[in-house]
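Work through the following exercises with the sequence and the structure at hand. Each task is followed by a solution in steps.

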Amino acid sequence: MAQSSPPPFDPSSPPLIEGFIPTPLHREGFRDKFLRKSRENPLVPIGCLSTAGALTYGLICFQKGNTRQSQLMMRARVLAQGFTIAAIMVGVVATAMKAQK
């Protein structure tokens with residue numbers, strides 16, 4: 001009794017699954033996705049911008065020799081990073097709660 005070989009794999013077409021009807025893919029560009037995510041959780045981009053701003057200003061102060069201000073800005077950068085992480089976590093929890101409903 002000879003076994004027939006499985007049909008060849010065709011990567012250009014999706015696999016056929018009984019009872020499943022694939023929907024057309026919606027290609028979302030970077031800009032569209034960024035705007036959608038920013039609307040969902042606006043605190044994350046604010047935190048990222050404040051982190052980058054504190055880092056940039058701290059490096060400028062360090063280059064100019066103003067070590068006191070540079071240290072303050074590096075501490076501000078750490079606080080801004082903490083804020084950003086907290087905002088991300090709040091967004092994750094909010095998304096999880098929305099998915100449960």
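**Exercise 1. Surface and overall form**

Task: State how much accessible surface the chain has and what share of that surface belongs to carbon and sulfur atoms.

Solution. The accessible surface of the chain is about 9100 Å², and carbon and sulfur atoms account for 66% of it. Such areas are computed by the Shrake-Rupley method with a 1.4 Å probe, and for residues only the protein chains shown count as cover.

Before going on, note that this is a predicted model, in which local features need pLDDT of at least 70, side-chain atom pairs count only at pLDDT 80 or more, and totals for chains, interfaces and linings use all residues. Residues are numbered from 1 along each chain as its sequence is written, and side-chain values use heavy atoms, with hydrogens and water left out.

Next, take the dimensions. The C-alpha trace spans about 85 × 35 × 25 Å along its principal axes. The radius of gyration of the chain is 25 Å, whereas a compact globule of 101 residues would have one near 13 Å. This radius is taken over C-alpha atoms, and the globule rule is 2.2 Å times the number of residues to the power 0.38.

Last, look at burial. Of the 101 residues, 14% count as buried (buried means under 20% relative accessible area, exposed over 50%, partly exposed in between, with a 1.4 Å probe and protein chains only).

**Exercise 2. Secondary structure**

Task: How many helices and strands does the chain have, and what pattern does the chain follow along the sequence?

Solution. There are three helices and zero strands. Read along the sequence, the pattern is α-α-α. Helices (H or I, at least four residues) and strands (E, at least two) are DSSP runs, numbered from the N terminus.

**Exercise 3. Cysteines and a buried serine**

Task: How many disulfides does the structure hold? Then decide whether Cys61 is buried or exposed, and list the contacts of Ser70.

Solution. The structure holds zero disulfides; a disulfide would be a pair of cysteine sulfur atoms within 2.5 Å. Cys48 has a relative accessible area of 42% and is therefore partly exposed. Cys61, at 5%, is buried.

Ser70 lies in helix H3. Its relative accessibility is 7%, so Ser70 counts as buried. Neighbours within four places in sequence aside, Ser70 is in contact (heavy atoms within 4.5 Å) with Gly58, Cys61 and Phe62.

**Exercise 4. Salt bridges**

Task: Which residue forms a salt bridge with Glu28, and which side chain meets Glu40 in a salt bridge?

Solution. A salt bridge needs a side-chain nitrogen of Lys or Arg within 4 Å of a carboxyl oxygen of Asp or Glu. By this rule there are two. In one of them, Glu28 pairs with Arg36, with the closest N and O atoms 2.9 Å apart. Glu28 is partly exposed at 33%, and Arg36 is partly exposed at 30%.

Arg36 also meets Glu40, at 3.2 Å from N to O. These two are four residues apart in helix H1 (residues 30-40), so about one helical turn separates Arg36 and Glu40.

**Exercise 5. A surface patch**

Task: Which residues form a nonpolar patch on the surface?

Solution. The members are Ile85, Ile88, Met89 and Val92, with about 360 Å² of accessible area together. Patches take residues with over 30% relative accessible area and no salt bridge, joining like charges within 9 Å and nonpolar side chains (Val, Leu, Ile, Met, Phe, Trp, Tyr) within 5 Å. Ile85 is found in helix H3 (residues 67-100), and its relative accessible area of 52% makes Ile85 exposed.
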